[in-house]
Amino acid sequence: MKLSTKGRYGLRAVLDLASNSETEAVALSSIAERQSISISYLEQLIAKLKKAGIVESTRGARGGYILAKPAEEISIGEILRALEGDLNPVDCSELIGGSSCNASDICVTKYVWKRISDSINAAVDGLMLSELVKESREVQAARQEKKNDKLC
């Protein structure tokens, strides 16, 4: 399974938002600049995230975007599904619960696709946005420390 730029850039944008919106709303232009994402593309991604209830907007002079709920309550799976749709590795009627495939009675590969799908979903649903925020801060602190060491 390969995520599109919607999933990759959208996750970066939400992580940026979570890291920078603790005290006030964040302007899309600042996220776009920090993450090197075009503002028009970012607007499309944020619209999907807003519709899914992951982010919300505030108007006014200090307007921008904030998380709709605490980062501890937002799974990476929720973010990726809002941006990508389902995370199934293949289009298989057994996974999507749609109309039955002509070969479903004799198909054994559906068990492979189901196990892969279950593993992907368990991994992304078990990882919370707050964990990525913490990891990001640790990476930034280590980067700053390394930079300071070079100056000495």
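The model is predicted: local features need pLDDT of at least 70, side-chain atom pairs count only at pLDDT 80 or more, and totals for chains, interfaces and linings use all residues. Residues are numbered from 1 along each chain as its sequence is written, and side-chain values use heavy atoms, with hydrogens and water left out.

**Helix H2**
- Helices (H or I, at least four residues) and strands (E, at least two) are DSSP runs, numbered from the N terminus.

**Ser36**
- Ser36 lies in the loop between H2 (28-35) and H3 (39-51).
- Its phi is positive, about 55 degrees, although Ser36 is not a glycine.
- Most residues other than glycine have a negative phi.
- Ser36 counts as exposed (over 50% relative accessible area), because its relative accessibility is 63%.

**Strands S1 and S2**
- Strand S1 (residues 55-58) and strand S2 (residues 64-67) run antiparallel and are joined by four bridges.
- Two strands pair if DSSP finds at least two bridges between them.
- Glu56 stands opposite Ile66 in S2.
- The hairpin of S1 and S2 has five residues between the strands.
- In this hairpin, Gly60 takes a positive phi near 105 degrees.

Key:
Buried means under 20% relative accessible area, exposed over 50%, partly exposed in between (1.4 Å probe, protein chains only).
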